[in-house]
Amino acid sequence: MRCRPPKAVNPSALANTPKGNGSNNRSTEKIEEETIAINRPEDYYPVYIGEVIKSRYQIVAKQGYGVGSTVWLCRDLIDNRHLTLKVCVRRTKQLSHELMVSEHLKKRHDGHHPGQKLVQVVLDSFEIDGPHGQHVCLLYEPLGMKLTELITHMPNGMIPADELQKITQIVLIALDHIHRQDVIHTDICMNNVLQTIEDKSIFTQIEEDEFYRPIRRKKLHDRHIYYSRSPPVSTGLPILCDFGGARLNGTEQEGDIMFSAYKPPEVILGMKWDHKVDIWGLGLMVWRMFEGVHLFPPRESNTLDEERHLAEMVSLLGPPPAEFLIRSPKYFKYWDDKGELLQFWHSPCYETSDNRAKEYGKA
């Protein structure tokens with residue numbers, strides 16, 4: 001995406017912008033990170049737009065938030081460039097793991113693999129003191145839209161086949177790189193694939209927009225809760241991000257991973273799994289982007305119970321081979337000793353593959 005080269009905003013002017021210059025939201029309405037029930041307000045560091053962190057990184061706009069952090073666009077006042085700053089909540093174990101995985105990928109540098117440039121790694125990290133404890137901060141190259149956001153700009157919420165093919169090929173190259181480095185991502189989904197921004201002046205324009213047209217925020221006694229700015233639309237390369245749940249040593253792993261609709265059968269059945277779960281996740285992500293719906297859609301409370309989920313898989317893929325089933329400690333919970341589905345599977349959720357194919361217009 002190209003745009004007019006904006007005028008650079010004087011950092012000292014931005015720093016002196018009155019806090020709360022944008023219109024304020026009603027204090028009783030929960031917004032942004034306040035809506036995450038498992039966290040308390042004091043878990044988040046109270047970031048202010050215009051603030052300079054570590055005497056170097058000036059906050060210029062809010063990019064997003066999540067369970068583990070708030071994310072900000074900042075200007076490096078020494079190198080005069082824009083970066084993404086993730087300010088993490090207190091006491092997050094996932095953070096130290098993300099740092100470890102990132103360092104692992106950087107140490108096992110393979111300059112000849114094209115996938116190396118398709119993976120987001122931490123550029124630097126440091127700690128800051130907040131009112132209620134310490135917070136770790138991570139610095140990244142700034143990126144554009146998530147694929148989740150990209151599809152909202154597409155007709156019917158679906159990505160055209162030729163564009164989807166390119167995205168799929170690029171993500172596969174990124175996965176090949178991390179798998180060769182014995183890293184399993186474990187959470188391949190549209191939220192974790194972002195697009196690069198080719199025209200870096202866009203970030204200066206965002207900074208300028210924040211100065212002249214401040215984003216709305218909610219003013220509290222001890223902090224401001226800012227609304228996130230919409231990311232710029234971009235046609236840059238997809239980048240694989242968020243290694244907070246990744247596993248090292250790409251051999252057999254175990255444990256629960258992935259969002260409900262993306263869980264592979266090995267995980268549901270309590271089996272050991274390996275890097276192939278990333279390929280399963282990619283396949284389901286591609287289906288979601290092309291068809292506009294999940295292949296195994298959550299029906300109630302945004303989750304799939306195990307019986308329904310496995311029944312959906314069998315209805316589309318057929319019964320799993322015996323050598324696969326016997327690896328599961330839950331085998332006899334769903335199949336008899338002859339490998340036949342137990343009677344309770346014959347429920348409204350169980351559909352034949354022909355019916356499911358007709359539902360998606362493939363019959």
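**Entry 1: helices α4 and α7**

I looked up how helix α4 passes helix α7, and the crossing is right-handed. The model is a predicted one.

On the α4 side I found A161, L164, I167, T168, V171, L172, L175, I178 and H179. On the α7 side I found D278, I279, L282, V286, M289 and F290. I sorted the residues of this contact by type: 12 are nonpolar, two are polar and one is charged.

**Entry 2: Q195**

I turned to strand β8, residues 193-195, where Q195 lies. Is Q195 buried or exposed? Its relative accessible area is 3%. Buried means under 20%, so Q195 is buried.

What does Q195 touch, apart from residues up to four places away in sequence? I wrote down L143, G144, M145 and L150 among them. The list also includes S234, T235, G236, L237 and P238.

**Entry 3: Q63**

I moved to strand β2, residues 57-65, and found Q63 there. Q63 has 28% relative accessibility, so it counts as partly exposed. I checked its contacts, leaving out residues up to four places away in sequence. Q63 touches V71, W72, L73, T84, L143, S228 and R229. L143 was already in my notes, as a residue that Q195 touches.

Q63 and Y226 are separated by 163 residues along the chain. From C-alpha to C-alpha, Q63 and Y226 are 9.7 Å apart in space.

**Entry 4: G130**

Where is G130? I found G130 in strand β5, residues 124-130. I set aside its neighbours within four places in sequence, and G130 is then in contact with Y45 and H135.

**Entry 5: two positive phi angles**

I looked at backbone angles next. Most residues other than glycine have a negative phi. I noted N80, which is not a glycine but has a positive phi of about 55°. N80 is in the loop between β3 (69-76) and β4 (81-88). Its relative accessibility is 56%, so N80 counts as exposed.

D242 is not a glycine either, and its phi is positive at about 60°. I found D242 in the loop between β11 (238-240) and β12 (247-248). Its relative accessible area is 31%, so D242 is partly exposed.

**Entry 6: the whole chain**

I finished with the protein chain. How many helices and strands does the protein chain have? I noted 11 helices and 12 strands. The chain has 363 residues, and 50% of them are buried.

I looked up contacts between residues at least 6 apart in sequence, and 68% of these join residues at least 24 apart. Last came the surface. The protein chain exposes about 18,300 Å². Carbon and sulfur atoms supply 52% of that area.

Key:
Residues numbered from 1 in each chain as written. Predicted model: local features only at pLDDT ≥ 70, side-chain atom pairs only at ≥ 80, totals over all residues. Heavy atoms only, no water. Left-handed = near helix turned anticlockwise from the far one by under 90°. Helix = DSSP H or I, 4+ residues; strand = E, 2+ residues; numbered from the N terminus. Contact = heavy atoms within 4.5 Å. Nonpolar A, V, L, I, M, F, W, Y, C, P; charged D, E, K, R; others polar. Buried < 20%, exposed > 50% of the residue type's maximum accessible area, 1.4 Å probe, protein only. Areas by Shrake-Rupley, 256 points an atom, 1.4 Å probe, with all protein chains shown as cover.
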